[in-house]
Amino acid sequence: MLPVDFFDLTVPLLRTKQAVLSRQPNQDRWGLWQVHWQLGEITVFSSFYTPTDLACLLWGIITVAIFVTAQFLPLSWNIQAILWTALTLAGTIAMVNLTQAWVKVKRLSWVLHAWVALMLFGLILTDLSIFLCWGQVLTRLCPLWLGLSALGYFLTSLELRSRVFLLAGFIHLVGILALPYLSSLQYLSTGIFMAISLLLLAEFVWDIRLPIELQQLAVPTAEPLLK
């Protein structure tokens with residue numbers, strides 16, 4: 001059982017970046033990447049992204065590319081396996097490079113290692129099922145990846161004491177339960193479940209509750225949006 005005060009219930013699940021930035025001095029905004037699209041006097045889109053946000057966005061793009069390809073493009077499974085392997089490995093390397101400074105400051109290296117292990121395990125199992133014709137695994141690739149993602153979110157939730165990651169894990173479990181009713185579009189549905197969670201994580205500031213000693217160790221200018 002988790003202690004009653006495990007999560008900080010006084011903090012909203014998700015907060016807009018603008019609301020958080022308005023309380024941050026300019027010198028504490030180091031490392032942010034700003035996107036600002038404007039047509040004339042009209043602002044179409046404006047937001048800020050930390051390296052961790054970019055990792056989430058990158059995985060969202062990779063997820064959509066993989067599962068949309070599986071759903072709609074008439075490519076052989078072998079070719080798809082090669083493409084998926086390349087994209088997954090590239091995404092994993094990029095994720096490590098983008099987040100290593102943040103996880104080092106917050107002492108969360110094991111969480112990053114867990115995600116890498118989950119991605120590599122899923123990749124190896126997927127490739128083996130395709131190249132060795134493991135039908136029982138091949139027909140369950142969607143619940144496999146949703147389950148691995150759910151496990152990763154649950155582990156992250158426990159370490160960050162975050163209800164957002166806990167909710168993301170449950171959303172993926174709901175996705176697994178929904179797959180039998182979406183059998184003709186299961187790859188597309190899986191991509192949507194995974195990509196939406198990643199997009200929300202990239203666009204908003206999460207609720208986290210690190211132990212006090214870790215918060216004191218954090219360098220303010222290293223992570224302007226406390227996630």
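Which helix gives the most to the nonpolar patch? Keep that in mind for Exercise 1.

A quick note before you start: this is a predicted model, where local features need pLDDT of at least 70 and side-chain atom pairs count only at pLDDT 80 or more, while totals for chains, interfaces and linings use all residues. Residues are numbered from 1 along each chain as its sequence is written, and side-chain values use heavy atoms, with hydrogens and water left out.

**Exercise 1. Find the nonpolar patch on the surface and say which helices supply it.**

Step 1: Know the rule. Patches are made of residues with over 30% relative accessible area and no salt bridge; like charges are joined within 9 Å, and nonpolar side chains (Val, Leu, Ile, Met, Phe, Trp, Tyr) within 5 Å. The areas come from the Shrake-Rupley method with a 1.4 Å probe, and for residues only the protein chains shown count as cover.

Step 2: Pick out the members. They are Val 64, Val 68, Phe 72, Leu 73, Leu 75, Ile 79, Leu 83 and Leu 185, with about 640 Å² of accessible area together.

Step 3: Look at the helices, which are DSSP runs of H or I with at least four residues, numbered from the N terminus (strands are runs of E, at least two). Helix H2 (51–72) and helix H3 (77–105) each supply at least two residues of the patch. H2 gives the most, with 3 residues.

**Exercise 2. Describe how strands E2 and E3 pair.**

Step 1: Two strands pair if DSSP finds at least two bridges between them. E2 (residues 33–39) and E3 (residues 42–49) have 7 bridges, in the antiparallel sense.

Step 2: Leu 39 has Ile 42 in E3 as its bridge partner. The hairpin has 2 residues between the strands, and Gly 40 takes a positive phi near 65 degrees there.

**Exercise 3. Find the salt bridge and say which parts it ties together.**

Step 1: Look for a side-chain nitrogen of Lys or Arg within 4 Å of a carboxyl oxygen of Asp or Glu. The whole structure has 1 such salt bridge.

Step 2: Name the partners. The side chains of Arg 163 and Asp 207 meet at 3.0 Å, N to O. Arg 163 lies in helix H7 and Asp 207 in the loop between strand E4 (204–206) and helix H9 (212–217), so the pair ties together parts that are 44 residues apart in sequence.

Step 3: Buried or exposed? Both Arg 163 and Asp 207 are buried.

Technical notes. Buried means under 20% relative accessible area, exposed over 50%, partly exposed in between (1.4 Å probe, protein chains only).
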